Amino acid sequence: MEFLKNGFLGTRGDFLSDLLICALAIIVPLLLFAIQSGRVRRIKIHHTVMLAIYYTVVAYVIVYEVNMLAKGGMEFLEANVRMDKNIYWIVTGFHVLLGAITLILGGITIRLGMRAQASVLNLEVKKRHRKTGWTTFFLLFFTSVTGLVVYYLTFVYG
Ligand code: HEM
């Protein structure tokens, strides 16, 4: 698909990378809205928006990685990088690790959320869901920040 080759932000980024950067402007406020819904116990909205965000992010990561591999994977990224490759891979590796942990913890949080909703009196599950929920939120935030750094180092710097 020809349009996937070129980005639209005027950097060296491809279409899906540029789209992801723009999507953050929607995902982050939506996530804050979903958390606030959880805090005021508007659980139906909280549940629906959280699941929509989670499944969209998982689907996007799969499409993104398949597209990246089709382009040559690590070689494609390296061809764009204009800095010390070792430092670049340390930063990128940290971002990927953080992202993987966030996705796994997100799945655990959703499971705990479902259990919290199903058993209204189970305060322990609610407490655990709140705790993993906040941890997932902060990890997702740092994954996004390191993602922006990786985008900059790959497609803008140099
Ligand atoms: C990754 C997805 C999710 C995240 C990050 C998340 C995060 C949170 C957070 C941070 C809170 C606590 C807000 C506060 O401080 O009071 C909360 C509350 C709650 N969430 Fe989620 N949530 C997620 C998915 C879900 C799902 C799928 C359900 C299922 C219905 C759910 C059900 C609940 C319930 C019932 C509460 C209130 C718990 C209580 O009464 O203490 N959550 N969530």
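Modeller: Read along the sequence, the pattern of the protein is α-α-α-α-α. That comes to 5 helices and 0 strands. Helices here are DSSP runs of H or I with at least four residues, strands are runs of E with at least two, and numbering starts at the N terminus. The model is predicted: local features need pLDDT of at least 70, side-chain atom pairs count only at pLDDT 80 or more, and totals for chains, interfaces and linings use all residues. Residues are numbered from 1 along each chain as its sequence is written. The C-alpha trace spans about 55 × 30 × 25 Å along its principal axes.

Now the pair. Helix 4 and helix 5 pack at an angle of about 155°, and their axes are 8 Å apart. Axes are lines fitted to C-alpha atoms, for helices over the stretch in contact, and angles run from 0 to 180 degrees between N-to-C directions. The angle makes helix 4 roughly antiparallel to helix 5, a term for angles over 145 degrees. By class, their contact has 16 nonpolar, 15 polar and 3 charged residues. Ala, Val, Leu, Ile, Met, Phe, Trp, Tyr, Cys and Pro count as nonpolar, Asp, Glu, Lys and Arg as charged, and the others, Gly among them, as polar.

Take one residue. Leu105 sits in helix 4. Leaving out residues up to four places away in sequence, Leu105 touches Thr132, Thr135, Thr136 and Leu139. Contact means C-beta atoms, placed from the backbone, within 7 Å. Leu105 counts as partly exposed because it has 17 C-beta neighbours inside 10 Å. On that scale, 20 or more other C-beta atoms within 10 Å is buried, 12 or fewer is exposed, and partly exposed is in between. Buried residues make up 15% of the 158 residues in the protein. Leu105 and Glu65 are 40 residues apart in sequence and 20 Å apart in space, C-alpha to C-alpha.

The ligand comes next. Of the 24 residues around the ligand, Gly38, His47, Met50, Gly113 and Gly133 come nearest. A residue belongs there if its C-beta atom, placed from the backbone, lies within 6 Å of the molecule. Helix 1 (15-39), helix 2 (43-71), helix 4 (85-118) and helix 5 (123-156) each give two or more residues to this shell. The shell divides into 10 nonpolar, 10 polar and 4 charged residues.

Notes. Parallel < 35°, antiparallel > 145°, perpendicular 65-115°, else oblique. Contact = placed C-beta atoms within 7 Å.
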